[in-house]
Amino acid sequence: MSHAHSPAHSEEDDLARDPLPLRGRTALVTGAGRRGGIGYAIARRLAAHGASVMVHHYRPHDVALPWGGDDIDAVLDGVRAVLGDPHARVAGVAADLEDPEASARVVEATVDEFGHLDVLVANHARSGGDAPLDGVTPEMLDGHWAVDARSPLLLAQAFAARHDGRRGGRVLFMTSGQIHGGMPGEVAYASAKAVLAQITPTLAVELGPRGITVNTVDPGPVQTGYIDDELMGRLLPRFPMGRVGTPDDPARLMAWLATDEAAWITGQVISADGGFSC
């Protein structure tokens, strides 16, 4: 009597790409409450890769800006529409991350909802309320540092405390173009975002032994609603490919960094800016 045997694992198996590389994993994406934003594009990419996604939002911040807020139900439905795994889910959580207690609450809400957390994408940022050096105030500095630097670090702290170690953990920050050149008029924002780029290697060393990678992405100028015609005219000549970024441009990189294919990449600050020259 003959017996069927499963084929042995081969080198070719290692080269095959899983169409759902994040199946069974859960991701938290902060600052994803606008369909025109990078966070929303990231959330959709992660969902399409098989992950369950917690979408963090804080609508009062968005509605105060020129481009306005969005319908949160429509945002969540947009992420659900691309779920790659029929067992994956999408949920939302609102929080003002200027509150020092909010980061831990958002992580806890994610674990409570899905049972575990594998990927943290700290995409959120404070927009507006900034100035050149001669006009910046302590309140501006404190506000941007609290949201743009302190809260991502507290999110990473809470994430590391709750990561169960069964799957490779991923911490992903978002910095800005100050790593390539000046950002005049944005002293508070640029200084806070610079913290994330500088702290990335340190966190990678601390969290690596626990199976968690830490990387930061600089997306360059991305049209999320803030680039008007005048600014567009100044930016376009500085892009080799003749266009500014779209939200899905950095989202592709962020989603890949969340997968096992990027397991050997940590402590890096990576630009996905289309070759933008400052």
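Modeller: Axes here are lines fitted to C-alpha atoms, for helices over the stretch in contact, and angles run from 0 to 180 degrees between N-to-C directions. Please keep in mind that this is a predicted model.

Biologist: Why are α2 and α9 called oblique to each other?

Modeller: Helix α2 (residues 38-48) and helix α9 (residues 248-257) pack at an angle of about 45°, their axes being 8 Å apart. Angles under 35 degrees count as roughly parallel and those of 65 to 115 as roughly perpendicular, and α2 and α9 are therefore oblique to each other. As for handedness, α2 passes α9 in a right-handed crossing.

Biologist: Which residues make the contact, and what is its make-up by class?

Modeller: From α2 come Ile38, Ala41, Ile42, Arg45 and Leu46, while α9 contributes Asp248, Pro250, Ala251, Arg252, Met254 and Ala255. By class, the contact of α2 with α9 has 8 nonpolar and 3 charged residues, with no polar ones.

Biologist: Which residues of α9 are buried, and what do they pack against?

Modeller: The buried residues of α9 are Pro250, Ala251, Leu253, Met254, Ala255 and Leu257. They pack against α2 and also against the strands β4 (119-122), β5, β6 (212-218) and β7 (268-271).

Biologist: What makes arginine 167 count as buried?

Modeller: Buried means under 20% relative accessible area, and arginine 167, at 18% relative accessibility, therefore counts as buried. Its place is in the loop between α6 (138-162) and β5 (169-174). Leaving aside residues up to four places away in sequence, arginine 167 touches Gly24, Arg25, His116 and Asp118.

Note on methods: Residues numbered from 1 in each chain as written. Predicted model: local features only at pLDDT ≥ 70, side-chain atom pairs only at ≥ 80, totals over all residues. Heavy atoms only, no water. Helix = DSSP H or I, 4+ residues; strand = E, 2+ residues; numbered from the N terminus. Parallel < 35°, antiparallel > 145°, perpendicular 65-115°, else oblique. Left-handed = near helix turned anticlockwise from the far one by under 90°. Contact = heavy atoms within 4.5 Å. Nonpolar A, V, L, I, M, F, W, Y, C, P; charged D, E, K, R; others polar. Buried < 20%, exposed > 50% of the residue type's maximum accessible area, 1.4 Å probe, protein only.
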